[in-house]
Amino acid sequence: MSHSISHSQLQESRLAIDTPLFAGLPGDVEISFEFFPPKSEKMEQQLWDSIMTLAPLQPRFVSVTYGAGGSTRERTHATVARIAAETEIAAAAHLTCVGASKEEIIETAQQYWDAGVRHIVALRGDAPDGEQFVLHPQGFASAVDLVAGLKKIAPFEISVAAYPETHPAANCPQSDIDNLKRKIDAGASRAITQFFFDAEHFFRFRDSCAAAGIDAELVPGILPVSNVGQTRKFAGMCGAAIPNWMDDLFEGLDDHPASRQLVAATIAAEMCRKLYAGGVRHFHFYTLNRAELSFAICHLLGKRANIEGEIA
């Protein structure tokens, strides 16, 4: 029997002996977090607990999503206004073109400006319940128009959406990138990507954007997966692929929430580490109003909580 070590074993042992993945990271990353407006008092408490847990990481902003329909709009406004009033964190409000006239959207944006909100995440938005997007007869036709319209109201900082795996409604990757360029040219200062589960998707997208002359900041959107079924639904709506290996890792964990959290944090942190190795220093976390996973990943990336005024 031969005792020689195969090439693959050698590679494996080298990887295991090399510097631990997260050792010695200097914490030179900028982070932001996304929340959704709470629908009940209990959810409100959970949201504020999450914001208070994540605030010491000194995010450069937190954003609050916005759905079509009056009640959601009011909840978004109330949440953003409260963050702006009660915390030191810069709050960004989402605005979409769905179900509202230009006049209504401009009025909402003006209310945000008056409440001290200086940052808008401008999106075309999706119709409720997965229906086809229908243009409001008096509304903005697209995110490009919305960005241009917001810039006329006030000097907002504007973030827009980008799709590393191409927006499901786009007829080809290049037309999707052309649309992103139009949003940047209309006045947006950065693009935050839809979530993805393979760092290569982001790197290829970044190269394509550079080739198209897009020089605005591209921030990867990170979704730590704690609920696989829910993520599959989200992924179907936004054109993101869930790799088979990831499905396999969550297999058998339906009744083990704590283990599921550990697996979710491990997968997302490893991808963030690959992005970091590829030069990414800004990360945007889709928190789903829970703090633990995002906090753990930021910690692994070297970001430390600033407690009682100490600088992280």
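The buried residues of helix α7 (residues 199–211) are covered by elements that include β5 (157–162), α6 (173–185), β6 (190–195), β7 and α10 (257–277) in this predicted model. The residues of α7 concerned are Ala199, Phe202, Phe203, Phe205 and Cys209. Viewed down the helix axis, these buried residues fall within an arc of 165°, and they therefore line one face of α7. The face turned away from the buried side carries Asp207 and Ala211, both of which are exposed.

The length of α7 agrees with expectation, because its 13 residues should span 18 Å at 1.5 Å a residue and its end C-alpha atoms lie 19 Å apart. At the N-terminal end, α7 is capped by Asp198, a side-chain oxygen of which is placed 2.9 Å from the backbone nitrogen of Glu200. Beyond the helix follows Gly213, which has a positive phi near 85°.

Strand β7 (residues 217–222), one of the elements covering α7, pairs in the parallel sense with β8 over 2 bridges. Strand β1 (residues 30–35) also runs parallel to β8 and is joined to it by 5 bridges. Phe285 of β8 is the bridge partner of Ile222 and likewise of Phe33. Strand β8 (residues 282–286) is mostly covered, with 4 of its 5 residues buried.

Phe285 and Phe33 are also among the contacts of Ser294, which include Leu54, Pro224 and Thr287 when neighbours within four places in sequence are left aside. Ser294 belongs to helix α11 (residues 292–300). With a relative accessibility of 1%, Ser294 counts as buried, because the threshold for that class is under 20%.

Methods: Residues numbered from 1 in each chain as written. Predicted model: local features only at pLDDT ≥ 70, side-chain atom pairs only at ≥ 80, totals over all residues. Heavy atoms only, no water. Buried < 20%, exposed > 50% of the residue type's maximum accessible area, 1.4 Å probe, protein only. Pairing = 2+ DSSP bridges. Contact = heavy atoms within 4.5 Å. Expected span 1.5 Å × (residues − 1). Arc of directions from axis to C-beta. Polar contact = N/O pair within 3.5 Å; in protein donor to acceptor, adjacent residues only side chain to side chain.
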